[in-house]
Amino acid sequence: MDQIAREHGKSLAPLRDDLVLLDSGLDSLGFAVLVARLEDKLGVDPFTASEDALFPVTFGDFVKVYENGAH
Amino acid sequence: MAHTEAQSLRHYIASEERFFFDRHTRARFTDLAGGTSLGGRLEELTGKSVLVATGSQLATALALIELDGIARRFTILPPDADPEHFAAIVTGADVDAVVVDQNSTASAAFDLPIRVACAAEIAAAGRLPAPTRQTEGVMLTSGTTGVPKMVVHTLAGLTAAFRGRPVVDDTVWGTFYDIRRYGGLQIFLRAVLGGVSLILSSAGEPIGEHLDRLGRHGVTHLLGTPTHWRRALMSPAILRISPRYVRLSGEIADQAILDSLHGAFPQAVVSHAYASTEAGVAFEVRDGFAGFPAEFVDRVRDGVEMKVAQDSLRIRSPRAASRYLSADAPLADQDGFVDTGDMVELRGDRYVFAGRRGGIINIGGLKVHPEEVEAVINRHPQVRMSLVRSKASPITGSVVVADVVLKDAVLKSSADAAMNELGRVKGDILKLCRDALPRQKVPAAIRIVASLDVAATGKLARRYG
């Protein structure tokens with residue numbers, strides 16, 4: 001996330017579970033890039049793979065989607 | 001009052017108090033019945049070709065109501081217009097006057113004989129000229145590289161999808177989608193003709209604040225692109241609104257976003273509309289599913305006729321634009337059908353969208369031509385060829401990804417060294433793209449591949465999108 005923020009010329013807020021993603025410093029395009037890069041690394045895009053696509057609001061939600069997606 | 005004939009916008013102004021809201025301003029647009037936001041300078045603008053280049057959407061909204069029926073033509077400058085194209089726009093639309101406001105970043109760029117300031121405060125006016133003529137409305141497309149095409153509409157065509165339909169009295173419209181684009185302009189016109197208030201966004205306004213305002217003003221009907229809606233659903237402030245009509249347009253809506261919106265607003269009708277600047281609004285789908293029923297095709301519905309030819313959707317419609325202002329190519333074919341360039345596939349009894357002809361990628365409403373990105377990647381000395389394509393993204397609908405074939409030398413070193421080398425080359429390519437391209441065009445991921453498919457024509461084999 002740090003790297004993407006840097007690439008997009010943004011600065012990142014400290015990551016805590018209750019951090020609202022839209023306040024993190026990355027915008028939607030930044031998150032789209034993050035999801036694509038993670039899929040490149042992990043081989044999975046849990047948002048697209050999952051039937052009930054819930055939109056993550058906080059950083060904790062975001063991490064949970066990946067934890068659940070890994071099962 | 002239900003009008004079935006299109007009159008000028010000023011005729012529709014109701015007697016009740018109705019407002020345009022943005023982050024800073026509340027403009028009682030019903031005051032325009034006997035007032036002006038243009039300093040009462042309508043006499044000067046009579047019969048002129050006027051460029052509306054305000055910084056705020058709200059100022060554009062007020063200016064359009066005043067100019068309609070007075071000016072010969074108004075051209076709406078979209079917020080993301082490239083200053084390099086300003087001269088071509090002025091020439092193409094034969095512009096002789098410009099309307100600006102205090103927020104116009106473009107303001108200084110236009111050196112025109114008549115320059116009118118638009119104020120958000122509506123001043124009482126003496127005698128204003130009566131709106132008598134049919135004003136041409138010109139919108140700019142976002143689908144091309146280079147100078148945008150200028151598309152000519154009439155008020156009758158722009159309002160045909162909803163004119164004369166009854167409007168529930170407590171309706172309050174809101175839009176995430178800028179009214180200086182076709183989809184957003186539809187909502188501005190629906191609000192004015194329906195005699196209801198409209199909540200607009202301001203440049204740079206955080207989504208949370210915008211949602212908060214929408215909630216405070218009691219929005220009942222709300223438009224956004226799928227990307228706008230995905231961003232809204234990621235905000236905790238989504239809980240502040242409870243619209244009863246949720247509309248998506250401007251991009252293809254996928255099943256995930258429709259399901260998420262149904263989940264977030266179980267009481268609301270969730271509708272995705274298909275429209276283009278050229279073809280106008282073609283249809284609206286309210287059954288909750290992506291794509292559209294096959295029965296929409298090969299018949300006339302609501303005056304609009306659709307067919308599929310060579311896999312692309314074609315539309316013949318009284319809501320379509322009448323012509324391009326400057327381009328040589330005609331807007332429609334000999335039979336009056338506009339080729340949308342949107343490719344569709346029949347699956348069972350439903351058509352689904354399969355991307356754009358030529359692989360054009362839509363990132364949150366901004367179009368990306370793969371060739372433009374490939375040209376930048378191919379500048380890298382170690383790149384033999386590249387293919388830029390779209391990849392589905394849960395956040396923005398799609399992202400740009402690149403498949404790259406490298407010249408042999410890189411891969412011939414030892415495994416570990418090759419991995420490091422590949423990482424470095426990928427990083428180099430990304431940097432090259434970031435330096436040369438706006439951010440939505442920079443690939444989100446780069447994949448090094450051994451080869452790319454080349455079609456019989458000798459061109460790269462592209463899927464639709």
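Predicted model: local features only at pLDDT ≥ 70, side-chain atom pairs only at ≥ 80, totals over all residues.

Q: Where is B:Asp311 found?
A: B:Asp311 sits in the loop between S19 and S20 of chain B. Its phi is near 70 degrees, which is a positive value in a residue other than glycine.

Q: And what about B:Gln310, which loop is that in?
A: B:Gln310 is in the loop between strand S19 (304-309) and strand S20 (312-316) of chain B. B:Gln310 also has a positive phi, about 45 degrees, although it is not a glycine.

Q: Is B:Gln310 buried or exposed?
A: B:Gln310 counts as exposed, because it has 8 C-beta neighbours inside 10 Å.

Q: OK, new topic. What domains does chain B have?
A: The domain assignment gives domain 1 (9-345) and domain 2 (360-448). Their C-alpha centres lie 35 Å apart.

Q: How many residues does each domain of chain B put into the contact?
A: Domain 1 of chain B gives 11 residues and domain 2 of chain B gives 11 residues. On the domain 1 side, the largest share comes from H7(B), with three residues. By class, that side of domain 1 of chain B has two nonpolar, six polar and three charged residues.

Q: H7(B) again! How do H7(B) and H8(B) cross?
A: Their axes come within 11 Å and cross at roughly 45 degrees. H7(B) and H8(B) are therefore oblique to each other. The crossing is left-handed.

Q: Which residues make that contact between H7(B) and H8(B)?
A: From H7(B) there are B:Pro226, B:Trp229, B:Arg230 and B:Leu233, and from H8(B) there are B:Ile257, B:Ser260, B:Leu261 and B:Ala264. Sorted by class, they are six nonpolar, one polar and one charged.

Q: Which residues of H8(B) are buried?
A: In helix H8 (residues 255-264) of chain B, the buried residues are B:Ala256, B:Ile257, B:Leu258, B:Ser260, B:Leu261 and B:Ala264.

Q: What do those buried residues of H8(B) pack against?
A: They pack against helix H7 (226-233), strand S14 (245-248) and strand S15 (269-276) of chain B.

Q: Let's move to the two chains together. How many residues are in contact between chain A and chain B?
A: There are 20 residues of chain A in contact with 26 residues of chain B. On the chain A side, the elements that give two or more residues are helix H2 (28-42) and helix H3 (46-49). H2(A) gives the most, with nine residues.

Q: What classes of residue are on that side of chain A?
A: The side of chain A that touches chain B divides into 14 nonpolar, three polar and three charged residues.

Q: Last one: where is A:Phe55, and which residues does A:Phe55 touch?
A: A:Phe55 is in the loop between H3 and helix H4 (59-69) of chain A. Leaving aside its neighbours within four places in sequence, A:Phe55 is in contact with B:Arg230, B:Leu233, B:Met234 and B:Ser260.

Q: Why does A:Phe55 count as buried?
A: A:Phe55 counts as buried because it has 24 C-beta neighbours inside 10 Å. The C-alpha atoms of A:Phe55 and A:Val65 are separated by 9.4 Å, and these two residues are 10 residues apart along the chain.

Notes
Residues numbered from 1 in each chain as written. Chains lettered and ligands numbered in written order. Buried ≥ 20, exposed ≤ 12 C-beta atoms within 10 Å, placed from the backbone. Helix = DSSP H or I, 4+ residues; strand = E, 2+ residues; numbered from the N terminus. Contact = placed C-beta atoms within 7 Å. Domains from an automatic or database assignment. Nonpolar A, V, L, I, M, F, W, Y, C, P; charged D, E, K, R; others polar. Axes fitted to C-alpha atoms, helices over the stretch in contact; angles between N-to-C directions. Parallel < 35°, antiparallel > 145°, perpendicular 65-115°, else oblique. Left-handed = near helix turned anticlockwise from the far one by under 90°.
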